[in-house]
Structures are given as C-alpha cells and as structure tokens.
Amino acid sequence: MVSKILLLGECSREHAIAEAIARSGHKIRLYALMKHRNPGIERCCKARDGEIIIGDFLDPETVLKVVRDKGIDLVVIGPEEPLFRGVVNAVEDVEGVPCIGPRREAAQVEQSKAFMRRLMWKYNIPGRLRFWTFRDVREALEFIRETGESVAIKPARQFGGKGVKVIADFQAYLRDVRSRVKEAHVTKLFAEVSKYTDIEDKILIEEKVEGIEYTLQCFTDGVNVLPLPLVQDYKHAYEYGIGPETGGMGSIMGPGITLPFITSEEYEKSVQIVKMLVEAIRKELGVEYRGIISGQMMLTPVWGPTVIECYARFGDPEGVNVLSVLETDIVDIFEAILSRSLPKIKLEFKNIAVVVKAAAPLGYPLDRKLAQGHIMEIDEEKIVEKGCKVYYGSVDQREEGLITVGSRAVEIAGFGETIPEAAHKVNEILTSSLIRLRDWKLIYRLDIGSRISIEKMIENAEIIRRAYRARKLERYVIKEWIPGKGLITYMYGE
Ligand SMILES: Nc1ncnc2c1ncn2[C@@H]1O[C@H](COP(=O)(O)OP(=O)(O)O)[C@@H](O)[C@H]1O
Ligand SMILES: [Mg+2]
C-alpha cells in the first residue's frame with residue numbers, strides 16, 4: 001500500500017496531478033519537489049499532511065535525498081526531462097522505490113523521435129511516416145538538395161517543443177528558395193542540437209502530412225493500456241493559430257471519450273497504435289513501461305490516425321482536461337500500474353466538456369526575460385464561484401506576492417455541456433479583472449473552443465476521412481535515403 005507520494009514538477013499539469021492525489025480516499029501523505037513555490041501544489045500537499053521541497057527535480061541525487069529523508073514509497077513524475085535524466089532508474093535501482101513514469105530507456109519514445117519512428121517501422125505499427133535521420137550536417141544538406149520533398153525537419157532529440165519546421169515543396173518555381181530555407185534550418189539545428197550528446201542522431205527529416213491534431217493520453221502498466229478521453233491542444237501563441245509555437249495555450253475535451261470531429265472508430269485505431277507502441281517497447285528493450293504514454297496524433301489523408309510524436313507523460317495542458325474531471329481514485333490507478341493489474345480499474349470521468357486555457361505574460365515564449373518578474377493578482381475564490389478552476393503554473397509564491405517566472409503562469413479550466421459553452425466560461429474569466437498582472441499584460445487565446453472552429457474541424461475531418469479511406473486501396477511509393485548511396489525508390493502497401 002502506498003503511503004507517502006513524492007510528485008516531481010511545478011507547473012499546471014503537476015497541480016492537476018496533485019489535486020487528483022489530494023482527492024484520493026487513500027490515507028496518503030503528499031510531498032512535491034519543485035524549483036519555485038507553486039501555491040496550488042503546496043496547498044494540495046498541506047491538505048495531505050505533506051509539504052513542498054524547493055530543489056532541482058531534474059537531478060537524480062536531489063530526488064534520491066528527498067526520497068530517503070521523507071521515507072517516500074512512490075514517486076510520480078510530471079514532466080519529461082527527469083525521465084530523460086534517468087531519475088526513475090536512480091529511484092528504482094538505488095532506493096527500490098517504484099515510480100509512475102518510464103525508465104530512461106523506455107522514455108526514449110519521447111526523447112528520440114528517431115527511436116520512435118524506427119520502432120514504428122520495425123514493428124509495423126500503423127500511422128507511421130517515412131523518415132530519414134542524420135548524424136552529419138553534410139548528408140542532411142545533400143538529402144535536401146536532391147529530394148525537394150515536402151518535409152518536417154526536426155531535432156532528433158526532444159528539444160523542449162522547439163525546432164520543428166514544416167516545409168511544403170510543391171511549387172516548382174519556389175523550389176530553390178525553399179531548399180535554402182531548409183538548408184538554413186538544418187544548419188542552425190545542427191549547431192543547437194550538437195550540445196546534446198545523449199543521443200547520436202541529430203536531425204530527423206520526415207514526410208510532411210496535413211490534418212487535424214489531437215492527443216490520446218493513456219495509463220499503462222507495461223502490458224495493459226488504459227486510454228483516457230481525447231484532448232486537442234493548441235500550440236500557437238496567438239489567436240487563429242498565429243505566432244510562435246508554445247508549450248500549449250489551451251486544450252479542449254469531451255463530453256465523452258472522443259472529440260466532435262473524431263469518430264469512435266478512429267479513437268479505437270489510435271488506442272490500438274498506442275497499445276502496439278507499448279508492446280514494441282517491451283519487445284525491443286525488455287523494459288516494462290509504467291506510467292503515462294501519450295500519442296500526439298494527426299488525422300491524415302495517409303493513414304487516418306497518424307503518430308506525430310509520443311509523450312512519456314501527460315500533456316500540459318491536456319493533462320489538466322482529463323485530471324480535472326477524473327472520478328476514479330488516482331491512487332488506485334497508480335497501485336494497479338505497479339501491480340500490473342490495470343484491467344481491474346474502471347475509469348470514470350464527469351461526462352462534461354472541459355476547456356483549459358493558459359494565460360502567460362506578454363513576451364512568452366520568445367522573450368522570457370520580458371515575461372519574468374511581474375506580480376500576478378488573481379481572485380481564485382471568485383473564479384471558483386463562477387464554476388471554473390485555477391491551476392497554477394510558472395509562478396513563484398514569494399512574500400511580495402505571486403511572481404511570474406516566464407512561462408504559462410496559470411491555466412483556467414471551464415466546464416459545460418458543450419465545448420463552446422465551457423470555452424465561453426473560461427473566456428469570461430480571462431477577460432475579467434479576476435486575473436491580471438499588476439504592471440504588465442497577459443496573453444491568452446479566446447478563439448480556442450469556439451463553435452465555428454469546431455464546425456470547421458468537423459467539416460475538414462470529413463474531407464480527410466474520405467481521402468484516407470480511398471487511399472487504403474492504393475500502394476504508396478517509398479523513397480529511402482541510404483547514406484552514401486542516395487535515394488532509393490520502392491513501393492509498399494499497407
Ligand atoms: N510530419 C509532419 N507533417 C506535418 N506537420 C508536422 C509533422 N511533424 C510535426 N508537424 C507539426 O509540427 C508540430 C511540432 O512537431 P512535433 O513533432 O510535435 O515536435 P515538438 O512538439 O517536439 O516541437 C506538430 O504539432 C505538427 O503541427
Ligand atoms: Mg509536439
């Protein structure tokens with residue numbers, strides 16, 4: 001029986017995890033390790049006779065010390081970076097304490113997009129894309145000059161949600177220009193990615209697809225997969241998908257397990273893909289993946305449900321959507337993960353739509369300095385009275401007040417019978433004086449979850465559906481880039 005939980009992380013997703021733990025019927029104490037004082041997480045810890053500890057949760061030694069000092073018997077990891085640094089390996093191997101979060105080897109499914117793509121091809125998992133990896137900048141440049149394909153250029157290693165450039169290449173007259181853009185991006189990425197020595201591949205270039213994106217988050221005990229309702233997140237900083245990519249400015253969900261523009265058949269297909277990934281990880285690495293695995297999916301004309309990337313954790317903000325309405329005791333779920341008995345858990349959620357929107361200080365995400373150090377004034381009581389919930393993120397509770405740290409400061413969750421209704425409630429909060437910075441401006445997106453955007457996606461999904469159903473009958477042409485040999489072309493069928 002779990003009695004003392006340590007949570008790692010400090011943002012809104014972790015606040016939502018802490019809140020779900022605080023709701024548990026189990027007799028547990030909750031501790032959290034974080035770099036700045038998140039008042040939401042602190043409140044949850046205090047409610048469960050625990051406390052927060054300020055420290056570097058990315059550092060295995062620091063985590064081990066807290067585990068020993070507090071007599072922790074379960075560690076729950078919120079963000080991805082501690083997984084990549086081997087925190088789970090350290091806690092399990094040195095202290096013998098189990099974790100919710102995969103070991104470093106299994107976390108490669110997120111850390112290395114190249115590993116994930118290879119796994120999908122080796123194990124014939126549907127929803128895979130053609131890809132090419134490069135360890136050497138000259139080869140990548142040569143590939144670009146020779147192929148002229150529409151591609152997505154990515155750092156092969158997870159890079160904090162940065163560095164992906166998607167470039168269509170169909171207008172012949174623009175080919176040279178586009179080729180130069182690609183070459184410049186590849187050169188820049190190589191320079192940036194080279195500082196990471198933990199994986200050998202530096203750049204991943206993959207086939208460009210188009211479609212509607214959504215996230216499927218799942219619990220897994222390494223063998224069984226328990227899927228959560230679908231969530232769609234919005235990455236761009238400004239309204240109507242304009243501006244730089246962020247960690248996520250908002251997300252929509254429900255009611256029910258799927259989204260209005262994804263059919264239950266597509267949902268099932270997506271679940272199947274994640275199940276196959278978990279099985280492939282077990283076969284490939286001999287490691288049982290324990291924790292949360294999420295598919296960042298796209299409904300594309302090529303496959304229908306297609307994997308863009310994987311997370312070894314909840315998304316942020318997507319995790320807030322599901323956790324804020326989770327009715328099943330999360331500690332029961334954790335215990336079932338540890339005893340590999342997930343099938344006995346019946347997942348239950350309030351059957352309502354949930355819209356989450358982030359508010360970040362102006363300057364985020366490009367100029368963190370501008371976004372730092374502002375005093376936030378927030379009337380949480382009134383916000384809750386209006387039926388919404390506050391999840392604290394990149395803020396530091398100090399004597400002088402609640403200070404912004406530079407990223408998404410809070411996420412507001414709203415609920416309703418439909419997504420537009422829930423979105424409207426959140427918008428009312430964001431545009432009111434219940435949340436503001438004393439001497440600075442907040443950015444947020446009022447467009448997320450609007451009726452018109454949902455209708456548009458339903459329409460677009462229908463077009464994509466027709467395309468992938470028709471394409472199923474065809475065979476695809478594959479172009480394979482073999483280093484030293486160049487481009488080989490062959491055919492494959494589904
Ligand atoms: N192969 C692709 N085709 C088209 N768009 C893509 C492709 N890969 C990524 N994208 C777009 O770029 C975004 C970021 O890419 P992703 O692989 O998720 O990297 P990260 O989130 O680590 O930056 C995706 O959400 C998607 O919109
Ligand atoms: Mg992504």
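Predicted model: local features only at pLDDT ≥ 70, side-chain atom pairs only at ≥ 80, totals over all residues.
Next, select Tyr-240, in the loop between β12 (231–238) and β13. Tyr-240 also has a positive phi, about 60°, although it is not a glycine. Is Tyr-240 buried or exposed? Tyr-240 is exposed, with 9 other C-beta atoms within 10 Å.

Now turn to helix α1, residues 12–22. Of its 11 residues, 10 are buried, so the helix is largely enclosed by the rest of the structure. Among the buried residues are Arg-13, His-15, Ala-16 and Ile-17. Ser-12 and Ile-21 are buried as well.

Colour the chain by domain. The protein chain is divided into domain 1 (4–100), domain 2 (130–208) and domain 3 (212–451). Between the C-alpha centres of domain 1 and domain 2 the distance is 37 Å.

Then select ligand 1. The shell holds 16 residues, and the closest are Ala-152, Val-164, Val-166, Lys-208 and Glu-309. Show the strands β7 (151–155), β9 (203–207) and β15 (304–311): each supplies at least two residues of this shell. By class, six residues of the shell are nonpolar, three are polar and seven are charged.

Move on to an open sheet of four strands, in the order β19-β20-β17-β22, with antiparallel pairing. At its edges are β19 (395–398) and β22 (435–437), each of which pairs on one side only. From one strand to the next, the twist averages 35°. Within the sheet, select β17 (residues 375–378) and β20 (residues 401–404), which pair in the antiparallel sense over two bridges. Which residue in β20 is the bridge partner of Ile-375? The partner is Ile-403.

Finish with two cis peptide bonds. One runs from Gly-254 to Pro-255, with omega near -5°; Pro-255 lies in the loop between β13 (242–253) and α10 (264–285). Another joins Tyr-364 and Pro-365, with omega about 0°. Pro-365 is found in the loop between β16 (353–361) and α13 (368–371).

Technical notes:
Residues numbered from 1 in each chain as written. Chains lettered and ligands numbered in written order. Domains from an automatic or database assignment. Near = placed C-beta within 6 Å. Nonpolar A, V, L, I, M, F, W, Y, C, P; charged D, E, K, R; others polar. Buried ≥ 20, exposed ≤ 12 C-beta atoms within 10 Å, placed from the backbone. Pairing = 2+ DSSP bridges. Axes fitted to C-alpha atoms, helices over the stretch in contact; angles between N-to-C directions.
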